[in-house]
Amino acid sequence: MTLAEPVPDAVPETQAAPAALARPVRPFLWSVRRELWENRSIYVAPLIAAGVFLFGCLVSARRVGPWLRHMESSAQARAAAAYAPPFFGDLVILGTALVVAVFYCLGALHNERRDRSILFWKSLPVSDLTAVAAKAAIPLAVLPVVSLVIALITHLIVFGIDTAVLSTAGLTPQAAMQLPVLDQLGMLIYGVFTLTLWHAPAYAWFLLVGVWARRAPFLWAFGLPIAATIFENVAFGTSVVGRFFWQRLTGGLDQAFNTTHGGPGTITMPQIDLIGFFGNPGLWIGLVVAAALLAGCVWLRRYRDPV
Amino acid sequence: MACIEARGLRKKYRQTVALDGVDITVGEGRILGLIGPNGAGKSTALNAILGLTAYEGQLTVLGRNPWTERDRLMRDVCFIADVAVLPRWMRVSQALDYVAGVHPRFDRAKAEAFLARTDIRMTSKVRELSKGMVTQLHLALVMAIDARLLVLDEPTLGLDVLYRKNFYDTLLNDYFDHTRTIIVTTHQVEEVQYILTDLMFINRGRIVLDCSMETFEGRYVELLTNPERLAEARAFGPIHERQMFGRTLLLFDGVAREHLAPLGEVRTPSIADLFVALIGGAGAAGTPGAVS
């Protein structure tokens with residue numbers, strides 16, 4: 001009985017809520033959607049990258065087919081035709097997504113001020129926190145998922161091409177079925193996830209520069225780290241700062257995978273270095289920095305006078 | 001309850017004081033014209049009311065602090081900042097989708113009905129629309145929101161006379177219902193004179209005039225007189241004088257019409273005339289005959 005008592009109290013409140021709000025709204029969801037309307041490159045660019053890669057695969061399949069027929073070892077053929085290209089394809093798609101993310105971040109909070117449309121966005125009941133969160137969600141959630149899905153579909157298509165090539169080469173399609181598809185899938189998800197976490201502070205920095213700089217956010221975003229690197233190098237003869245930035249931009253895969261052993265050009269499942277990645281204080285410091293930079297974005301978007 | 005209540009509202013930019021301790025009270029159901037020269041502080045005052053800029057002093061809009069509660073306040077407040085702020089890449093249908101997705105009081109059917117009366121197509125992008133059509137689109141969005149306060153900052157800037165007329169007609173006929181409050185700033189003063197219920201002049205960050213239109217009409221009188229009666233007319237202490245085809249137009253503050261009627265043609269001045277009298281010229285306010 002005592003447990004049931006609070007329920008009648010709660011009922012009028014839940015009934016009153018829809019009366020106060022005429023319609024249910026989802027500011028965050030729609031803010032993300034509007035980013036996709038404005039920046040179609042978020043999905044178009046990775047699709048084009050995948051298309052170029054697949055077209056290359058098709059052309060090479062015509063070339064590789066006859067060549068495979070003369071190959072002695074089907075194992076070699078599998079490695080050459082089936083395994084390495086999807087990995088390269090992943091790099092192409094994820095690399096494209098990375099470039100898109102950088103340019104997106106630089107413009108996301110900058111362009112709305114430049115074209116004064118911020119006055120329209122701010123005339124709607126969407127808080128600065130929601131707006132910045134939606135914009136941060138693009139490089140941190142939307143682009144990784146989009147590029148992951150595109151990469152997976154690319155894998156499937158490459159797999160189909162490979163099977164076709166192998167069977168026309170007289171090799172059994174079963175050989176293709178033995179390909180480590182699940183391994184590839186797992187590694188791809190892990191790779192995208194860790195790279196995104198590793199790059200989070202960089203994205204937050206680009207967003208912050210976008211809202212802070214009155215013009216040329218690209219120059220500020222890259223110019224300041226480069227200036228700091230040059231200054232340190234000239235003044236102290238060291239390159240700690242430079243290496244720090246470089247590692248943050250390019251070192252994601254090295255952090256996530258144990259690259260000291262394993263073949264060049266490919267990464268395999270046993271190289272996944274979960275403890276090394278999540279045990280790295282650099283990752284957590286980076287995430288804290290990212291959160292602080294994003295808080296700065298919210299603050300600046302609010303305090304900067306319109307236009 | 002007052003819709004807007006400001007006490008000692010102050011805003012300072014680096015060197016300039018944009019608002020110098022302003023008191024504003026706007027009751028519900030009023031249509032206030034905020035008139036002032038460029039850089040007078042109009043937009044700053046509106047930005048403060050809309051929660052777009054930080055300020056000193058006390059300010060309550062619909063019972064809320066606009067600076068700390070902007071997103072909540074925007075459920076009850078709409079504003080059209082100027083014609084060029086709708087994102088140019090957006091499609092008309094996307095604008096409707098988005099506002100419907102984030103605004104609890106947006107009536108999509110109403111906006112669509114309004115747009116159906118215009119030449120705007122759902123598939124058009126904002127950048128493909130003319131300036132007048134962008135304003136119509138913005139007005140369609142705003143009028144479909146059941147808001148309590150509508151702020152218009154130079155809403156008809158750069159529009160031709162047909163669109164301007166249409167804009168205010170639509171606003172009055174389809175939107176204003178005597179419970180909503182409207183604040184409008186504009187340089188086209190003559191076009192809003194007959195829709196306003198209240199008038200406020202602002203200059204150099206200070207309120208120069210704050211009165212209802214009834215007070216305005218009762219208090220200010222304009223007299224067009226011949227040179228031979230000019231001296232008699234001047235005895236009543238005009239606040240402004242100007243020549244017109246060899247006759248003189250004098251503006252009086254608080255002089256009864258029956259005293260002036262024998263001296264020439266008596267009429268209610270336009271807001272523009274009063275604006276020139278009070279603000280035009282260096283400190284002309286309250287100094288009779290300073291401008292000739």
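Modeller: We go through it by question and reply.

Modeller: This is a predicted model: local features need pLDDT of at least 70, side-chain atom pairs count only at pLDDT 80 or more, and totals for chains, interfaces and linings use all residues. Residues are numbered from 1 along each chain as its sequence is written, while chains are lettered from A and ligands numbered from 1 in the order in which they are written.

Biologist: How many helices and strands does chain A have?

Modeller: Chain A has 14 helices and zero strands. Helices (H or I, at least four residues) and strands (E, at least two) are DSSP runs, numbered from the N terminus.

Biologist: How do you know what span to expect for helix α7 of chain A?

Modeller: The expected span is 1.5 Å times one less than the number of residues. Helix α7(A), residues 128–168, has 41 residues, and 60 Å is expected. Its first and last C-alpha atoms are 58 Å apart, close to that value.

Biologist: Where does α7(A) bend?

Modeller: At A:A137, by about 50°. The bend is the angle between axes fitted to the seven residues ending at a residue and the seven starting there. A proline, A:P139, follows within four residues.

Biologist: Now chain B. What makes strand β6(B) largely enclosed?

Modeller: A residue is buried if 20 or more other C-beta atoms lie within 10 Å of its own, exposed if 12 or fewer, and partly exposed in between; C-beta atoms are placed from the backbone. In β6(B), residues 149–153, five of the five residues are buried, so the strand is largely enclosed by the rest of the structure. Both faces are covered. B:L149, B:V151 and B:D153 are on one side, and B:L150 and B:L152 are on the other.

Biologist: Why is B:G158 called partly exposed?

Modeller: B:G158 has 13 other C-beta atoms within 10 Å. Exposed needs 12 or fewer and buried needs 20 or more, so 13 falls in between. B:G158 lies in the loop between β6 and α6 of chain B.

Biologist: How do you know which strands pair with β6(B)?

Modeller: Two strands pair if DSSP finds at least two bridges between them. Strand β5(B), residues 77–80, joins β6(B) over four bridges, in the parallel sense.

Biologist: What is the handedness of the crossover from β6(B) to β7(B)?

Modeller: The chain passes through helix α6(B), residues 161–175, and this β-α-β crossover is right-handed. With the strands pointing away from the viewer, the path from the first strand over the helix to the second runs clockwise in such a case.

Biologist: What makes helix α5(B) largely enclosed?

Modeller: 12 of its 13 residues are buried, so α5(B) is largely enclosed by the rest of the structure. Among the buried ones are B:M133, B:H138 and B:L141. The cover includes β6 and α6 of chain B.

Biologist: How many residues of each chain take part in the contact between A and B?

Modeller: Chain B gives 26 residues and chain A gives 24. Two residues are in contact if their C-beta atoms, placed from the backbone, lie within 7 Å. On the side of chain B, the largest share, five residues, comes from α3(B).
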